[in-house]
Amino acid sequence: MPLNFTAIDFETANNSAASACSVGMVKVRDGEVVDSAYWLIKPPIGYDAFLEWNVRIHGIMAADVVDAPFWSEQLHDFTSFTENDVLVAHNASFDMGVIESVSRASFVPTPTHEYLCSLQIARKTYHLDSYRLPSAAMAAGFEDFEHHNALADAQACAAIIVHAAQRHGAASMVELAELTGARMKRIGAVAADVPLSA
């Protein structure tokens with residue numbers, strides 16, 4: 001099994017995980033980046049207030065998403081890009097929570113994926129004072145990126161996973177999970193821990 005996965009990152013308009021306003025995705029095949037995508041998302045009605053704090057973090061304002069499609073209109077493109085990949089995100093519980101919450105708020109099914117957390121992987125790979133994305137990415141040799149730009153963050157996350165796999169001698173995502181003790185989990189139709197032998 002080659003090192004194949006899709007790294008993702010979401011930004012939100014407010015404190016609700018359902019308020020996704022942008023997504024970045026980076027597809028990796030055999031340990032090499034082969035494709036990437038980024039788009040704005042109009043948050044579902046009722047979850048579409050943009051808080052000043054969030055805007056200050058990512059720079060996306062309500063005016064920026066006026067003409068953006070809703071998540072319900074983008075889900076097909078999301079699943080076409082991610083295919084059946086293992087998803088990876090830094091602090092993955094946040095990003096997987098966004099997928100589940102925005103899908104629920106949009107009355108569409110949550111896509112089914114296995115996933116790993118690059119924060120967990122980084123903690124088992126590097127000795128750092130901080131394991132926040134910029135610090136972990138720097139340890140992986142990925143520096144000077146626009147933190148909180150969803151695509152840049154997804155690129156940083158991908159770099160961490162590829163570098164960690166090299167450090168641990170892992171040839172696949174399952175092997176990387178085994179070697180680092182990270183838990184492979186699942187979102188979607190059967191949201192439960194996935195045996196590493198699966």
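Me: Which residue does Arg29 form a salt bridge with, and how far apart are the closest N and O atoms?
Reply: Glu83, at 2.9 Å. A salt bridge here is a side-chain nitrogen of Lys or Arg within 4 Å of a carboxyl oxygen of Asp or Glu. Arg29 sits in strand β2 and Glu83 in the loop between α2 (71-82) and β4 (87-89), so the pair ties together parts 54 residues apart in sequence. Helices (H or I, at least four residues) and strands (E, at least two) are DSSP runs, numbered from the N terminus.

Me: Experimental or predicted, and what's the numbering?
Reply: This is a predicted model: local features need pLDDT of at least 70, side-chain atom pairs count only at pLDDT 80 or more, and totals for chains, interfaces and linings use all residues. Residues are numbered from 1 along each chain as its sequence is written, and side-chain values use heavy atoms, with hydrogens and water left out.

Me: How many salt bridges does the structure hold?
Reply: Four. One of them joins Arg29 to Asp85, also with closest N and O atoms 2.9 Å apart.

Me: Is Asp85 buried or exposed?
Reply: Buried, with a relative accessible area of 7%. The cut-offs are under 20% for buried, over 50% for exposed and partly exposed in between (1.4 Å probe, protein chains only).
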